[in-house]
Amino acid sequence: MKVNTKGALGFGALLATGALLLAGCAGGGGDDEGSSGGGDASAKLTVWVDANRVDALKDVAATFEEEKGIEVELVQRDFTKIQADFAAQVPTGKGPDITVGAHDWLGGFVQDGLVAPIELGDKAADFQEVAIQAFTNEGNVYGLPYATENLALMRNVDLAPEAPTSFDDMIAKGNAAGVQYPFVVGLDPANADPYHLYPFETSFGNSVFAQNADGSYDGSQLTIGDESGLAFASWLGQQGAAGTINLNLTQDLSKEAFNSGQTPFILTGPWNVADAEAKGITVAIDPIPSAGGQTAKPFVGVQGFYLNAKSDNALAANEFLVNYLATEPVQTALYEAGDRPPALTAAYEKAASDPIIAGFGAVGAEGAPMPSIPEMGAVWEFWGVAEVAILKGEDPAATWTKMAEDIQGNIGG
């Protein structure tokens with residue numbers, strides 16, 4: 001698939017007409033110099049990037065400077081601190097023109113006026129749909145996606161030669177393998193793990209919030225407590241009683257069970273593939289088997305780049321994002337640095353020659369973006385506790401209904 005540049009042509013003309021303006025607008029410099037301060041003699045873009053990706057962007061930064069005459073300063077930051085530092089600096093007129101970040105930061109960033117929409121135009125169609133949805137808020141796209149990440153079913157091919165067709169089929173195949181566990185998923189004994197159990201929940205047709213036509217979430221429509229959610233809760237209680245979903249198997253114990261051949265199936269992400277292969281296990285990545293009859297959709301996390309709402313160099317920054325970072329060579333370089341499926345379709349198709357990437361990518365294409373709306377912050381504390389209670393034998397319907405009421409009250413409060 002060729003990258004569609006039609007949508008960027010008009011923007012390129014706009015960039016040319018804005019060249020004089022850009023020449024007088026100063027970008028930020030290092031960690032604490034603002035992108036909105038202005039006053040330098042020539043434009044410079046400052047980009048915050050984490051250690052894993054800084055080298056992957058050096059060539060494109062040099063190309064942009066050579067072709068546009070605008071320096072791109074790559075400032076390496078600790079990824080775990082970027083969200084808080086960006087939120088603290090932008091309102092004071094500091095911070096970078098562009099920062100790397102996760103899509104689930106979006107709701108807070110938009111709410112606080114920290115980021116500006118980017119103008120992708122027709123190029124939006126060149127990305128995986130779920131990646132664009134993840135960075136969409138009220139019809140605007142606020143990030144340039146570069147990678148996706150999600151759960152899938154990892155299978156020990158020697159113990160289970162064929163992929164399961166449903167959750168029940170998976171348990172049957174797991175029992176037939178004659179090992180200790182038919183299936184494992186890592187949970188927290190105190191909080192379960194709604195992220196890992198969500199694919200099974202969606203297979204009953206449930207979601208946390210209603211989704212708009214553009215894939216974004218409507219925080220005013222909490223749907224987790226509807227009839228499909230109650231059906232999932234009933235099923236979850238049955239799994240707790242049967243021991244097929246086991247609160248005593250933490251992430252570490254589940255990983256060890258799979259890597260030692262004690263189970264043919266584990267619900268996990270790409271971060272656990274290398275260790276399994278290092279143990280000599282031949283793995284396959286399969287769709288997550290449905291428990292409720294509908295497609296099991298995991299949450300999808302998307303990594304991308306945000307544009308500072310207060311940047312003096314917004315025009316040049318958008319050009320760098322849309323016409324330089326949104327290209328197959330750059331997205332492939334970012335993939336090679338992070339080993340996650342690329343968000344740009346052309347780069348993904350190239351990376352999908354690796355069956356592991358193809359497997360996770362195929363599941364992610366059917367997934368749902370992790371809600372990034374502020375209301376999601378009111379969900380987690382009640383969600384996991386309710387799942388624990390149900391797995392331990394509490395009444396599923398009453399527990400799930402109270403959970404939904406508590407979440408709604410927390411949102412309203």
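On a 1 Å grid laid over the protein atoms alone, a cavity is a set of points where a 1.4 Å probe fits but cannot get out, whereas a pocket is an open set with protein on both sides within 12 Å along at least five of seven lines, and a residue counts as lining when it has an atom within 4 Å of a point. Grid points are joined across faces, edges and corners, and a volume is the space filled by probe spheres set on the points. The model discussed here is predicted, with local features needing pLDDT of at least 70 and side-chain atom pairs counting only at pLDDT 80 or more, while totals for chains, interfaces and linings use all residues. Residues are numbered from 1 along each chain as its sequence is written, and side-chain values use heavy atoms, with hydrogens and water left out.

With these terms in hand, the structure holds 2 cavities of 30 Å³ or more. By class, the lining of the largest cavity has 6 nonpolar, 5 polar and no charged residues; here Ala, Val, Leu, Ile, Met, Phe, Trp, Tyr, Cys and Pro count as nonpolar, Asp, Glu, Lys and Arg as charged, and the others, Gly among them, as polar.

The second largest cavity holds about 30 Å³ of space, and among the elements around it, helix 10 (251-259) and strand 11 (265-268) each supply at least two residues of its lining. That lining divides into 2 nonpolar, 5 polar and 1 charged residues.

Turning to the open spaces, the largest pocket has a volume of about 380 Å³, and of the 22 residues that line this pocket, R53, F79, E149, Q303 and R340 are the closest to its centre. Strand 7 supplies at least two residues of the lining here, as do strand 13 (299-308) and helix 13 (328-338). The second largest pocket has about 310 Å³ of space, and 19 residues line it, with Q211, K297, G367, A368 and P369 lying nearest its centre. Helix 6 gives the most to the lining of the second largest pocket, with 3 residues.

Leaving aside neighbours within four places in sequence, H103 is in contact (heavy atoms within 4.5 Å) with A134, F135, V300, G301, V302, Y306, P369, M370 and S372. H103 and M370 are 267 residues apart in sequence, yet 8.1 Å apart in space, C-alpha to C-alpha. H103 counts as buried because its relative accessibility is 1%, where buried means under 20% relative accessible area, exposed over 50%, and partly exposed in between (1.4 Å probe, protein chains only).

Finally, the axes of helix 16 (residues 380-391) and helix 17 (residues 396-412) come within 9 Å and cross at roughly 170°. Helix 16 is therefore roughly antiparallel to helix 17. Axes are lines fitted to C-alpha atoms, for helices over the stretch in contact, with angles running from 0 to 180 degrees between N-to-C directions; angles under 35 degrees count as roughly parallel, over 145 as roughly antiparallel, 65 to 115 as roughly perpendicular and the rest as oblique.

Key
Helices (H or I, at least four residues) and strands (E, at least two) are DSSP runs, numbered from the N terminus.
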